[in-house]
Number of protein chains: 2
Amino acid sequence: MKKVERMSSETAREYALRAITENIKSADLEPGQAISENEISAFLGVSRTPVRESIQELHKAALIEIYPQRGSYVSLINSQYVEEAVFLRKILDIAVIEEACDMATPEDIKQLEENVALQEFYLEKDNTEKIFELDNEFHRMIYVTAKKETIHNMRQMIMIHFDRVRTLSMLTVKDKKIVGDHRLMLEAIKEKDKEKAKEIVEKHLNRYRLDQEELIKTFPQYFETA
Amino acid sequence: MKKVERMSSETAREYALRAITENIKSADLEPGQAISENEISAFLGVSRTPVRESIQELHKAALIEIYPQRGSYVSLINSQYVEEAVFLRKILDIAVIEEACDMATPEDIKQLEENVALQEFYLEKDNTEKIFELDNEFHRMIYVTAKKETIHNMRQMIMIHFDRVRTLSMLTVKDKKIVGDHRLMLEAIKEKDKEKAKEIVEKHLNRYRLDQEELIKTFPQYFETA
DNA sequence: AGATTTCAACTTGTATACAAGTTATTAAAT
DNA sequence: ATTTAATAACTTGTATACAAGTTGAAATCT
């Protein structure tokens, strides 16, 4: 488990949840690894209560398995969950960008425009980290434009299953292609062209297609045996 | 708050979550109502810990608002949430039944067939409660057939927002129409006819369309003022 | 009477003690 | 040496004590 700095603004519970979630995403808490409420609370410097509540929440999201009186474990990667995450992201992103085409106000478009311009700026500078942040923000803005913020929160939660597989696969997509896709999505929204928007989103998501078979061979101990 | 019987098989935490959730769905815990961890734990006969964990979970689902050191309240009905729930249900149900058309095995179809036959049986008997149970099970079976069980769990959570509005509106759809729709969905799956399946699902969901304007006039205190 | 202060009664947040059950080690018996 | 039994060290589940903050009523002062 890697150290995560506690921010002054957050409660013990928020800190614990964030720290554990990040460790699962990054696989510093490995799939299948045993975790102990006591150990984690000692490591984070908070009591068992906030740690326990965070673990319950991650259990609810199927990221931690709890065996009462026996122990808790980081969930093994379940191929079905990963596939459901990919499936869900696709149908949500398409449906939402179509809504965004109908609903985008000039103000929404201005903000999206600004975001993409920044992405293009940092592309020149080769600043992958900034692009990563702007990427997340860009997709969130589309959900907000379509008045689907709650659904976006849900999307985030289920995407953790995909994120940790992506971490293992070290899958990276060329920033240039990503930023280019975003520019095209913005254009489609401006033109209110749903069909075009849908096509680009599909193409965009296909860039993140990964070979699970390959990954299972490399990290067999991380995957649930069907 | 109405009494919910504790089952011998469930933990204190499971009992508390189920009891509070049911009370919110049925509006026995009214939107806007103040709730206290102490009061609820006394009423349910469990300690604050499991009650608190349940409240945290419902807070995460936007059904309870927590103001630290001040109090917690059943969330007012937020029209945007309700609309997001309706939106989500529609795109999910359509995408999933299309998948089910591709993936249904003879065994899946046999089970769906049995379920619908039972619905038709209880329709004759005028047993609305049984039909309600079978209805829920029918939709879950379609998700399972499409290997989308995780997504179904998520659907349940967000649908609570819609359920409690439906409770207030006393919206009831004639059992005969519901069962008829289910028979048609089953046929579409058997025929692997995605287009037909989609059309029926859309028609089916439209039966539950409700007039929020009307409801806001009747229960203004239950709704969040935009 | 009206404004101000004090304080008691609440709230949730966190820490901790104990309950109940599992597991692995150790010791004893065969 | 092997099996069995006892036990110590863990686990999560639950209850409770206390910390920190809010609120409103009662008491006090002007």
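Predicted model: local features only at pLDDT ≥ 70, side-chain atom pairs only at ≥ 80, totals over all residues.
Me: Why is B:A27 called buried?
Reply: Its relative accessible area is 17%. Buried means under 20%. So B:A27 counts as buried.

Me: What makes the phi of B:A27 worth a note?
Reply: Phi is positive, about 65 degrees, although B:A27 is not a glycine. B:A27 is found in the loop between α1 (12-25) and β1 (34-35) of chain B.

Me: Where is B:A62, and what is its phi?
Reply: B:A62 is in the loop between α3 (48-60) and β2 (64-67) of chain B. Its phi is near 65 degrees, a positive value in a residue other than glycine.

Me: How do you know whether B:A62 is buried or exposed?
Reply: Compare its accessibility with the cut-offs. B:A62 has 16% relative accessibility. The limit for buried is under 20%, and exposed means over 50%. B:A62 is therefore buried.

Me: How do you know that the span of α8 of chain B agrees with its number of residues?
Reply: Helix α8 (residues 175-190) has 16 residues. At 1.5 Å a residue, these should span 22 Å. The end C-alpha atoms are 23 Å apart, which agrees.

Me: Which elements do the buried residues of α8(B) pack against?
Reply: They pack against α4 (79-103), α5 (106-124), α6 (128-145) and α9 (194-206) of chain B. Among these buried residues are B:I178, B:H182, B:M185 and B:I189. After α8(B) comes B:K192, with a positive phi near 50 degrees.

Me: Why is B:Q212 called buried?
Reply: Its relative accessible area is 12%. The cut-off is under 20%. B:Q212 is therefore buried. It is found in helix α10 (residues 212-218) of chain B.

Me: What does B:Q212 touch, not counting residues up to four places away in sequence?
Reply: B:Q212 touches B:S79, B:V82, B:E83 and B:F223. Contact here means heavy atoms within 4.5 Å.

Me: Which residues have the most contacts inside the largest nonpolar core?
Reply: They are A:I142, A:I189, B:I142, B:I151 and B:I189. This core has 88 residues. Leaving out residues up to four places away in sequence, A:I142 touches A:V96, A:I97, A:A100, A:L112 and A:I189.

Me: How do you know that the copies meet through the same surface?
Reply: Of the interface residues of chain A, 100% are also interface residues in chain B. So the copies meet through the same surface.

Terms used
Residues numbered from 1 in each chain as written. Chains lettered and ligands numbered in written order. Heavy atoms only, no water. Helix = DSSP H or I, 4+ residues; strand = E, 2+ residues; numbered from the N terminus. Expected span 1.5 Å × (residues − 1). Buried < 20%, exposed > 50% of the residue type's maximum accessible area, 1.4 Å probe, protein only. Core = buried A, V, L, I, M, F, W, Y, C linked by side-chain atoms within 4.5 Å.
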